[in-house]
Every structure is written in C-alpha cells, then in structure tokens.
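Please look over the sequence and the fold before reading on.

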Amino acid sequence: MKKPIFFAIACCIATLASCTDEEPIEVQKIASPGNEVLPESYYENLRAWKKTDHPISYMYHAAYAPLEGSSSLNKDYTSIGDRLISLPDSMDVVDLWMGVPMGTETDAYSPDGYDYAPQAYADMQYCREKKGIKFVAHADMSNYGHVFTIDYPNEGQYVDYDMNSDQSETCFRAYGKWWAPKAIDRNIDGVDFDFEGWSQQRCTWTIQEANKYIGPNSENPDMLLIVDYFSGAPSGDIRNNINFLVRQAYSAQTGITSNSRLSAPSGFTEDMIVLCEQWNQGSNKSNGGNKWSDPAPDGSVMYSLEAYARLSQTRYRGFGGFYLDGDYYFVKGPYYNLRRCIQIANEPVVEEGEQFLTGNLKP
C-alpha cells in the first residue's frame with residue numbers, strides 16, 4: 001500500500017488521560033455546528049488527510065437508531081454516545097447498519113416515512129462535511145425477500161421486482177441499480193453490499209450493475225461501492241468494480257487468532273481487504289475480540305481489533321469492527337480502543353501531531 005509521508009490524525013490531539021485514581025479521564029469534547037472546539041484549519045487538514053492513501057478505519061454503527069424491529073428509524077437520544085456526532089474525528093467509513101436516516105419526512109424509498117430521522121441525518125451531514133467521514137448504506141445479500149420498484153424515466157414506466165418469485169439475472173441487476181440512486185438521493189457516500197447466502201454469480205450481476213452508477217469506473221467515482229462477507233467470499237470477477245472488500249473476521253465465530261488465517265480470497269489481494277472484528281464477542285469483549293496468538297510489540301497481550309490495526313500498517317486496506325459504537329462507553333474514555341487502534345494502524349506515517357493543529361503539515 002502506498003503510504004503518505006505525513007500523518008494528520010485527529011485522535012493524536014484528542015488523547016485521553018489514563019484511567020487512574022490520581023488522574024481523571026478527560027471527557028471527550030463533542031463539536032457541534034457553530035460550537036467547534038478547534039479552529040477551521042484543523043478541520044481543513046483533517047479532511048485533506050482523509051483523502052490520502054492511508055490504512056482506513058471502518059465500523060458498523062447501529063446506536064443512532066432504535067432497535068431492529070421498531071416502527072421508525074427516529075430516536076429520542078438520551079446519550080451523546082448514541083449520536084453520530086460523537087464519532088472520532090479520525091473515523092474514515094461508517095456502515096449505517098440500521099438504515100439510512102433522511103431529513104425529509106418521505107421520499108421515493110420511504111413513502112411511509114419510516115426512515116425519517118432528522119437528528120441522525122443532521123449529525124451525519126455534519127460529520128461528512130466537517131470531519132470528512134464517509135457514510136454508506138447497508139444492502140442485504142443474505143435472502144431473496146426483497147421487493148422494490150425502479151423508475152425508468154426514459155421509458156416512462158415503473159417496474160416492480162419481487163425476489164420471492166423472481167430470481168432472474170434481470171432482477172439481481174435491478175437490485176444493484178435500485179440501491180445506487182437511493183445512496184445518491186439520501187446524500188451519503190455509497191453502499192456496502194452484505195454478501196451472505198447468495199451465489200457468487202448473483203452477487204457479480206448485482207455489483208456490476210451498481211458499478212454503472214457508483215464506485216470505481218462509474219459516473220460517480222467518488223462514491224464507494226463495497227462488498228462485505230463472512231465465510232463464502234464473492235467472485236474475483238468484481239475486483240475492479242469495488243473500492244474494497246470487508247472481511248467479517250469475527251474471531252469468536254471463526255476462530256481467527258493469528259494472521260496466518262487471514263489470506264485474501266481468490267481473485268483479490270490483501271491491500272483490498274478491510275478486517276473487521278465483532279466488538280461485543282470474544283474472550284475480551286472490552287478490548288475487541290479474542291486473544292491473539294502473538295503479543296503486541298511491547299510484549300503485552302494483544303486482541304483482535306489491535307491485531308487487525310497492526311496488520312493494516314503494511315498488508316491490508318484497513319481495519320474495523322461490527323457494533324464498534326459500543327466502544328464509546330469504554331471505561332478509559334469514549335472510543336478509547338478505536339482511537340488507539342487508528343493511531344496504531346497509521347504509526348508508520350506519523351510525524352509531529354502538533355502540526356495538525358496549526359495547519360502546517362510538511363510534505
């Protein structure tokens with residue numbers, strides 16, 4: 001992976017104090033519109049750093065919305081930790097696990113207003129515009145129950161699709177086509193297709209069609225097109241159609257505790273892979289996953305989240321986790337483990353972090 005020669009990471013200057021009796025935790029300062037803690041030059045350099053080629057951080061987030069099965073995506077917040085605005089400044093990509101919040105009461109994709117969540121939408125747009133965090137929709141490739149309608153304006157017609165009865169190539173390609181304008185209209189940064197249960201061919205049809213509209217080689221190349229998988233991997237035929245591939249390397253479910261188990265699937269290279277742990281599983285849930293077979297460089301015990309961050313220094317595209325929003329409530333401070341692992345992943349390109357505050361980054 002090509003590395004930039006400087007590292008402008010937000011968490012370097014948002015360091016949390018150690019959790020001891022003598023030294024209390026420093027409470028995270030949450031910036032909000034018009035109430036930014038740091039100067040605009042900080043945010044300008046933060047956004048510039050996000051555009052460099054560096055090991056990325058990736059997380060599935062759910063706390064911004066009610067529990068699955070609710071009748072609405074909207075939520076009355078009782079904790080800042082549940083809000084997207086509390087995300088670490090240095091976060092790269094967030095998978096909107098519970099759904100894509102919208103700022104208007106209805107649209108073509110949610111005529112009943114289920115997705116209306118004005119606070120979550122406002123927080124998301126603030127994080128996008130101010131911090132350069134990217135948000136992607138979570139599209140399901142694990143069942144065949146999807147029912148959707150596509151507007152073909154050039155043909156003057158609407159076409160209904162129902163995967164319960166139609167599993168043709170046309171229907172799968174239509175599914176990819178349906179997601180692209182939804183991501184564009186909701187003002188987010190792309191789509192992550194969760195590949196679990198479909199055949200490789202059906203995944204390929206869907207991704208190739210979606211890539212006509214978003215992702216590399218599309219009419220919207222700045223938008224992300226991602227596939228994540230758990231056990232069976234997608235076909236290498238889609239390698240050039242996606243930005244990267246997320247591996248759900250959940251150690252408690254897969255037994256992955258060493259880097260020898262983390263080879264790239266056929267047709268893909270390691271530098272396309274983002275490794276994700278499941279935050280709330282494993283032998284040490286608080287630190288992110290099972291104990292790793294190798295110790296950290298300082299000889300201390302290392303857990304999967306940190307191991308994935310270290311592997312991302314030179315081998316993989318990045319690291320992250322499922323339900324990492326739970327790390328906000330960690331005893332040592334908000335997002336302590338995530339922030340620390342973002343620093344670790346980017347250690348090879350760190351220079352003086354103080355320059356990030358002043359905007360005087362050196363080439």
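In strand β10, G318 is the residue that forms a bridge with I56; strands here are DSSP runs of E of at least two residues and helices are runs of H or I of at least four residues, both numbered from the N terminus. This is a predicted model, in which local features need pLDDT of at least 70 and side-chain atom pairs count only at pLDDT 80 or more, while totals for chains, interfaces and linings use all residues. Residues are numbered from 1 along each chain as its sequence is written, and side-chain values use heavy atoms, with hydrogens and water left out.

The bridge between I56 and G318 belongs to a parallel pairing of 5 bridges between β1 (residues 56-61) and β10, where two strands are said to pair if DSSP finds at least two bridges between them. Strand β9 (residues 273-278) is also joined to β10 in the parallel sense, again by 5 bridges, and within that pairing L275 stands opposite F319. Strand β10 itself spans residues 318-322, and because 5 of its 5 residues are buried it is largely enclosed by the rest of the structure; buried means under 20% relative accessible area, exposed means over 50%, and partly exposed lies in between, for a 1.4 Å probe and protein chains only.

Back in strand β1, H61 counts as buried, at 0% relative accessibility. Leaving aside residues up to four places away in sequence, H61 touches D82, L84, L87, V94, D95, L96, W97, M98, D325 and Y335.

A pocket, on a 1 Å grid over the protein atoms alone, is an open set of points where a 1.4 Å probe fits, with protein on both sides within 12 Å along at least five of seven lines, and lining residues have an atom within 4 Å of a point. Strands β3 (134-141) and β4 (147-152) and helix α3 (169-185) each supply at least two residues of the lining, which divides into 16 nonpolar, 7 polar and 7 charged residues. In this division Ala, Val, Leu, Ile, Met, Phe, Trp, Tyr, Cys and Pro count as nonpolar, Asp, Glu, Lys and Arg as charged, and the others, Gly among them, as polar.

The second largest pocket holds about 570 Å³ of space, and of the 20 residues that line it, K50, K51, K134, D222 and L224 are the closest to its centre. By class, its lining has 7 nonpolar, 4 polar and 9 charged residues.

N45, in helix α1 (residues 40-50), counts as buried at 13% relative accessibility, and a polar atom of its side chain lies 2.8 Å from the backbone oxygen of S41. N45 and K131 are 86 residues apart in sequence, yet their C-alpha atoms are 9.5 Å apart in space. N187, in the loop between α3 and β6 (190-195), has a positive phi of about 60° although it is not a glycine, and is partly exposed at 32% relative accessible area. N217, in the loop between α4 (200-210) and β7 (224-229), likewise has a positive phi, of about 70°, and is exposed, with a relative accessible area of 68%.

Methods:
Grid points are joined across faces, edges and corners, and a volume is the space filled by probe spheres set on the points. A polar contact is a pair of N or O atoms within 3.5 Å; within protein, one must be able to donate a hydrogen and the other to accept it, and residues adjacent in sequence count only if both atoms are side-chain atoms. Contact means heavy atoms within 4.5 Å.
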